[in-house]
Amino acid sequence: MHILGTGSYTPKRVVTNDDLATIVDTNDEWISSRTGIKERHISEGETSAELGARAALKAIEDAAIDPLDIDLIILASFTPDLTLPNVACQIQEKIGAFNATCYDLNAACSGFLFGLSSANAYLVSGMYRNILVIGSETMSRTIDWSDRSTCVLFGDGAGAAILTADNEKAYVAVSGSDGVKGKVLTGGGTILKNFLINSDTANIVADTFYIKMDGQEVFKFAVSKVPECINQVLEKAGKTPDDIDYYILHQANVRIISSVAKRLHISEDKIPVNLHKYGNTSAASIPILLDELRRDGTLKSGQKIIFSGFGGGLTWGASYMEI
Ligand code: COA
């Protein structure tokens, strides 16, 4: 599989840690030292479809292809503005990819990675030629802005990649899920009208709609599962950690990234970070970083990279890719 082009987009409004300190009891020192996040971009009414379409148009321009040559759009998100029509179909209309089959995929923060692996399987089978995979999230719509333990962590944005078949460039993936432990990270439900008119059910609405997280359990899960699945994919690809040029990891917390580097005995120079600018943008975090690294010249043809992500579900995965 070969990356033909990438694009990303984040909303214009930037919310700093100091801004958040005016609405909840927090401060820049706490947020920076516990997470590495300094600011995040927050949508002012733009939907996941709009963010995703802007990222997709940049990827199409970068790939220099006609939107009509896109055969499949896989949209990874757990924050669709509507479930019908699906976000991928809404994006199809906005970008004019009228020959594409379109569907959404929800694997929370692992969504883009699962989308990449789905794309690879289709390309290997010969079913499609050009596939657009997008991660797009409006996390701000599912955040409880009075809960300091979660509202400081997330941001909105979208990233996209266009993939095509290439027998010369290997793609190897591992992934997994654990529904039994899913309760440590929940939210993003649809508010039913009946709930809203019955005050007895207000707590149910809040519990299902807003993100709720057992931060320490998620942290423990991430620092053990990410190195484990990276080791698995390296073994499957017949590579060692030193063979890899860059590790493009889900951008949730800089302490998780440092812990992964230590456990794998790899230099943090090989693990680019941009979460200080965006916070955790869930399914969008890996493609936004991928796009930035391609555009600033860090990633070059011939390099070997590892992607790895984890998230609600629980879900996780790692992919080895020759670019
Ligand atoms: N500002 C100031 N204080 C805060 C705070 C905030 N934004 N959020 C929580 N605190 C307080 C807590 O109330 C607690 O106070 P107490 O000791 O008086 O009870 C204290 O800080 C420590 O809270 P704790 O939850 O133990 O902090 P932590 O060191 O575990 O860090 C996270 C919290 C969320 C940063 C960390 O657990 C984490 O990153 N987990 C992984 C989250 C993640 O990546 N989720 C996305 C998955 S895709």
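Colleague: In this predicted model, which residues touch the most other members of the largest nonpolar core?

Modeller: A nonpolar core is a set of buried nonpolar residues joined through side-chain atoms within 4.5 Å. Here the largest one has 47 residues. Ile230, Tyr247, Ile306 and Phe310 touch the most other members.

Colleague: Which elements give two or more residues to this core?

Modeller: Two helices do, H9 (215–237) and H10 (254–264). So do four strands: S8 (171–177), S11 (246–249), S12 (304–311) and S13 (315–322). Helix H9 gives the most, with 10 residues.

Colleague: Take Phe310. What does Phe310 touch?

Modeller: Leave out residues up to four places away in sequence. Phe310 then touches Cys109, Ser110, Val218, Phe221, Ala222, Val226, His250, Ala252, Ile256, Thr315 and Trp316.

Colleague: How many residues does the second core have?

Modeller: It has 30 residues and is separate. Ile3, Leu113, Ile248 and Ile323 are among them.

Colleague: Now the whole chain. How many helices and strands are there?

Modeller: The protein chain has 12 helices and 13 strands. Its radius of gyration is 19 Å, close to the 20 Å from the globule rule for 323 residues, so the chain is as compact as a globular protein of that length. The C-alpha trace spans about 60 × 45 × 35 Å along its principal axes.

Colleague: How do I read burial and contacts?

Modeller: Buried means under 20% relative accessible area. By that cut-off, 56% of the 323 residues count as buried. For contacts, look at separation in sequence. Among contacts with a separation of 6 or more, 77% join residues 24 or more positions apart.

Terms used
Residues are numbered from 1 along each chain as its sequence is written. This is a predicted model: local features need pLDDT of at least 70, side-chain atom pairs count only at pLDDT 80 or more; totals for chains, interfaces and linings use all residues. Side-chain values use heavy atoms; hydrogens and water are left out. Buried means under 20% relative accessible area, exposed over 50%, partly exposed in between (1.4 Å probe, protein chains only). Contact means heavy atoms within 4.5 Å. The radius of gyration is taken over C-alpha atoms; the globule rule is 2.2 Å times the number of residues to the power 0.38.
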